[in-house]
Structure formats: C-alpha cells, structure tokens
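Please read it alongside the sequence and the model.

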Amino acid sequence: MPPFLLATVVPGAPWAGLQSVLDPRGEDSARIAEIGWVLYLGAALIFLAAAVVLGLAMYGSAPMRRALGRPALIVVAGVAFPVAVLTALLAYALQAAAAMARGPDTAIRIEVAGELWWWRVRYRDETGALLFETANDIRIPVGAPVEILLSSANVIHSFWVPALAGKLDLVPGRVNRLRLMAREPGAFRGVCAEYCGAQHAKMQFDVQALPPADFSAWLAAQRAPAAEPPATLQAGAAVFQRDCAQCHAVRGTRAAGSLGPDLTHVATRPRLAGAISNDAGALAGWIAGSQHIKPGNLMPAFGHLSGEELRAVAGYLGSLK
C-alpha cells in the first residue's frame, strides 16, 4: 500500500484505536504522532521541491537550466538548506521530547517485568508495599499520569503501547521509567518491540484506561483474596493445589508459587498468556497443551490430567474473578 494511502486509511480502521501510532489516545503518543507528521509532511514537501527542480533541470528552457547550474544555487540548495532544515527539525524534536519529560508528577507507579514470554505486573502503594500482582493486564485511570518501572531478569524486551506512549527497553540489571497518560477511556494493545526469543510475537499485553471511579473499584477488587470456591468447584481447586500451586499463586489459598503468573483473579483478564481469548475452552486447552499454543514457554503440558480433572480445574480458574 502506498505510504500516502496508508496514512489516510489506517487512522480510520476499526482496530486503529487498539494499536496505532497514527491514532494517539495519550499525551505522549499525541506528541510522538505530531513529530511524525511534521517529519513526514516536511519530507514530502522537500521531495516535491526536489522533483520540481529536477524536472526544470531536465526539461526547462535553456536560461532556466543555466540558472540552476550556478554554483551559488548548488551551495544554497545542497549545503545551507539541508543544514538549516535539519537543525530546525532537531530543535523541534528535542523541545517536544523535553516537554514529555517535564510532565506532571506521577499519580501511580506500576512495576512491569519482562518474563519468557509474558509480562509480570505489580501494583504498589505510596510506601512501596505490594498491593497485588497480575499478568499481561494493566489498568490505569484516565487523566492521571502513570509511571511504569520496567525491568527484566532474562533478556532485553521492549515495552510499547503505540496508542498511549513511545517504546522503552527493559534491560537486565537496570530499571527504566516510562510515563504515560490516557486522555480517554478505552482498551489498548501492547507488544514487545524487541526480539526476545521464540514467542516474541505472542508476548502481548492489554492496557485498559478506566474512569477514576472504575479504576478505584478495580483496585479494591484486585486487592481482595480469592473467594472460597463452592462445593461444586472444590474438586478443581484440589487439582490446582496438587499440580499448579508450585508455580502459581492464588491469594487466600495455600498456592504461593512465583515462577508463573499470579492467578488470583485470572478470570477478569481479557486474554490468557498474552495470546488467546480468556474462556473455559481456551483455558482448558492451555492447561492441557500450552506448548502447542506457545511453543517454548516455561509451563509444562498437563497431558496426564483426565478429561474430568481438566474440566474441573478450568472451571475453578474460571471462577476466580
């Protein structure tokens, strides 16, 4: 698709609001999109001017061609003009970047760690105490500046929510900070923008910008431990404690594993493993054969579970809301 047609069509596409730098929904993404449009349109105008000059040099009248061949014009067009334009664009881009760094004080800090291949998300209070942990699911309040603390204990990842902010790498051994602020409620797609291994393409996450009241209600619900399962789900809870608690945690139960995602409220997450829909069938399929869905991930397959056990544990996890 030609670039000019792509620039026209993409902002109006039904999926553009999920994951498009051309359809910004955040403060920083709007500045980045503005920089992109300035550079794109500036380059287009310069290209057209160069094409016109080239056409005159090839097909213009003899006096016009002689005028275009003067050394002074070559110096102006070939040296002075590029230096002036590039300097102006550099100053503009640096000013816009500085404006992003000077934003208001952050209201919320969220820790995001890149795993192989999923995102560990921790919410902390003002004192730094851990409130709760989730996975591949980030919720933020609309209109509030949020600081994302990015880290990795394995390889280099890159955190990118195109509709809300720029991308920033997660480098082992250090913590990088990314600021973002959503202008309006909505659901957005995030990706890993740095090749990190076999399942890099499926290392996705979801960001939901909620009205402040809804965000506060979500925080309160996430902080609560898992509800005691009813009698009909006790069998599934027992299977989970037997086979899954070594790697996964469910607050309010004996399951306290930390190798895999915290599953306390797993049923409230939009997707599973950053790759598939979150429903009973997909959950059972993931438990039985995660390597078929996301080959190379660190979760073993549980092919030894009977059909009844598989349905029971999937039903139990589906109740964790």
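The model is predicted, so local features need pLDDT of at least 70 and side-chain atom pairs count only at pLDDT 80 or more, while totals for chains, interfaces and linings use all residues. Residues are numbered from 1 along each chain as its sequence is written, and side-chain values use heavy atoms, with hydrogens and water left out.

**Overall shape and packing**

- The chain has eight helices and 12 strands; helices (H or I, at least four residues) and strands (E, at least two) are DSSP runs, numbered from the N terminus.
- Its radius of gyration is 26 Å, well over the 20 Å that the globule rule gives for 321 residues, so the chain is more spread out than a compact globule. The radius is taken over C-alpha atoms, and the rule is 2.2 Å times the number of residues to the power 0.38.
- Along the principal axes, the C-alpha atoms fill a box of roughly 95 × 40 × 35 Å.
- Of the 321 residues, 41% are buried; buried means under 20% relative accessible area, exposed over 50%, and partly exposed in between (1.4 Å probe, protein chains only).
- Among contacts with a separation of 6 or more, 62% are between residues 24 or more positions apart, where contact means heavy atoms within 4.5 Å.
- The chain exposes about 16,600 Å², and carbon and sulfur atoms supply 66% of that area. Accessible areas come from the Shrake-Rupley method with a 1.4 Å probe; for residues, only the protein chains shown count as cover.

**Largest pocket**

- The largest pocket has a volume of about 610 Å³.
- It is lined by 31 residues, and those closest to its centre are His-248, Gly-260, Pro-261, Trp-286 and Met-299.
- A pocket is an open set of points on a 1 Å grid over the protein atoms alone, where a 1.4 Å probe fits, with protein on both sides within 12 Å along at least five of seven lines; lining residues have an atom within 4 Å of a point. Grid points are joined across faces, edges and corners, and a volume is the space filled by probe spheres set on the points.
- Helix H6 (234-243), strand E11 (271-272) and helix H7 (280-293) each supply at least two residues of this lining. H7 gives the most, with three residues.
- By class, the lining of the largest pocket holds 21 nonpolar, five polar and five charged residues. Ala, Val, Leu, Ile, Met, Phe, Trp, Tyr, Cys and Pro count as nonpolar, Asp, Glu, Lys and Arg as charged, and the others, Gly among them, as polar.

**Second largest pocket**

- The volume of the second largest pocket is about 310 Å³.
- Its lining comprises 15 residues, with Ile-108, Arg-109, Arg-124, Asp-125 and Glu-126 nearest the centre.
- E1, E2 and helix H5 (212-223) each give two or more residues to the lining of this pocket. The most come from E1, with four residues.
- Eight nonpolar, two polar and five charged residues make up the lining of the second largest pocket.

**Backbone features in two loops**

- The peptide bond from Leu-116 to Trp-117 is cis, with omega near -5°. Trp-117 sits in the loop between strand E1 (108-114) and strand E2 (119-124).
- Asn-136 is a residue other than glycine with a positive phi, near 60°. It lies in the loop between strand E3 (130-135) and strand E4 (137-141), and counts as buried because its relative accessibility is 6%.

**Selected residues**

- Ala-113, in strand E1, counts as buried at 11% relative accessibility. Ala-113 and Phe-159 are 46 residues apart in sequence and 9.6 Å apart in space, C-alpha to C-alpha.
- Glu-147 belongs to strand E5 (residues 146-152) and is buried, at 8% relative accessibility.
- Arg-242 is part of helix H6 and is partly exposed, at 43% relative accessibility. From Arg-242 to Leu-210, the separation is 32 residues in sequence and 37 Å in space, C-alpha to C-alpha.
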